[in-house]
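Thanks for coming, everyone. I'll keep this short.

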Amino acid sequence: MPATTENNHNQGSFLGRISIRRNQVMSMSMDGTHDTECEEMELFQRHVAERFAELLSCTDEPEAFMSIGWLRKLLDEFLCCEAEFKAVLLMGRDPFQIAKPPLDKLLPELLDRIIKSLDVCNAVSLGIDSLKNIQRLAEIVLSALDQTLIGDGQVRRAKKALSALLSAMLHEDKDGGITKGTERSRSFGRRGNKDKDRSAASPFRSLSWTMPKNWSAAKQIHAMSSNLAAPRGNESSGLALPVFIMNTVLVFVLWTLVAALPCQERSGLGTHFQMPRNLSWAQPITALQERISEEWKKKEKKGTVGLLEEMQKMEKIAQWFLDFADSFQFPAEADKLEEVKAQVEELADICRKMEEGLEPLQMQIREVFHRVVRTRTEFLHVLDQAAKLNIPTS
């Protein structure tokens, strides 16, 4: 993706500037160090605001918002925010600084959210597997109806695939990823027994091997956001602020993925996440959250598939084709065949986007999974160092 190159450049520039500044202040006064930290945190906040403002600008383009491409950009921005967050909090810093209040309480909460996020990543990855299954059904419809002359045999074949496709959409939206050919226990790096996994073999391993039947994506997001509170007083300008920002970004990104992609048990998802409204960096995130919540409420009322743009379009086209198949009489009228041709072209375009985008999207979710695991390990190591250094010697 073009955005990846640009974001990696900005991320590298940001990390380089922090590294230089930290080296420069090693021999400076405490006041100088404090000023540098304030500048770093302001820069981090500005970058977060800019990244999500860019994502928000895509809402003016209906076909781009909540599409596979948009979700890939969302994950790209998350990975950049996560790297900058670690640079602000960890790079060149004494372990004691992140082991004392208020971080001694806030960091364990972040690490707990990371553990919860792993199950969400696994569930969303399973949802992408189910979308690949739906794509295959759509391709059967295409092969049947992409004909110069359409007869009863082609229509019967298409109707069978359409019924399975619409049924799978309804099933996936309700249960999230439990379809024939999709293993409930599939984790990152494992190959399904029935479906050919087109991704390259990798050593990735999940920390959560199964999704229990009573697991709920909505409840998991609610658990992650339930005690998410903005720092107050002196803490609002200290190291507690980037921790709160990263917590917020993590929860928002996973909440968005669950809203967009098939995921197990999403009832009431729109009511489970409250965003801060008075912070400048959070304003574009809040605007996105409100827009997505609006769409989610409409979706829940209609009982249709999740918010992924490609699936919304596919559902409409599939329903049109099913109506056409139900009323089909050979030979079909010329104007009706022209309509079929237009719908076939649109469905083919959706399948192409899914073919090109779903696998890279799944790989990005895997990258998020492993990146946050590494982050958690790094913080635990630093906290362990601080604890050892704090042990009194005889």
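Start with the crossing of helix 3 and helix 11: it is left-handed, meaning the near helix is turned anticlockwise from the far one by less than a right angle; clockwise would be right-handed. Helices here are DSSP runs of H or I, at least four residues, numbered from the N terminus.

A quick word on the source. This is a predicted model, where local features need pLDDT of at least 70 and side-chain atom pairs count only at pLDDT 80 or more, while totals for chains, interfaces and linings use all residues. Residues are numbered from 1 along each chain as its sequence is written, and side-chain values use heavy atoms, with hydrogens and water left out.

Back to that pair. The axes of helix 3 (residues 68–90) and helix 11 (residues 334–389) come within 9 Å and cross at roughly 15°. Axes are lines fitted to C-alpha atoms over the stretch in contact, with angles from 0 to 180 degrees between N-to-C directions. So helix 3 and helix 11 are roughly parallel, a label for angles under 35 degrees.

Now the cysteines. Buried means under 20% relative accessible area, with a 1.4 Å probe and protein chains only. Cys58 counts as buried too, at 16%.

Last, helix 5, residues 103–145. Of its 43 residues, 31 are buried.

Note on methods: Buried means under 20% relative accessible area, exposed over 50%, partly exposed in between (1.4 Å probe, protein chains only). Helices (H or I, at least four residues) and strands (E, at least two) are DSSP runs, numbered from the N terminus. The expected span of a helix is 1.5 Å times one less than its number of residues. Angles under 35 degrees count as roughly parallel, over 145 as roughly antiparallel, 65 to 115 as roughly perpendicular and the rest as oblique.
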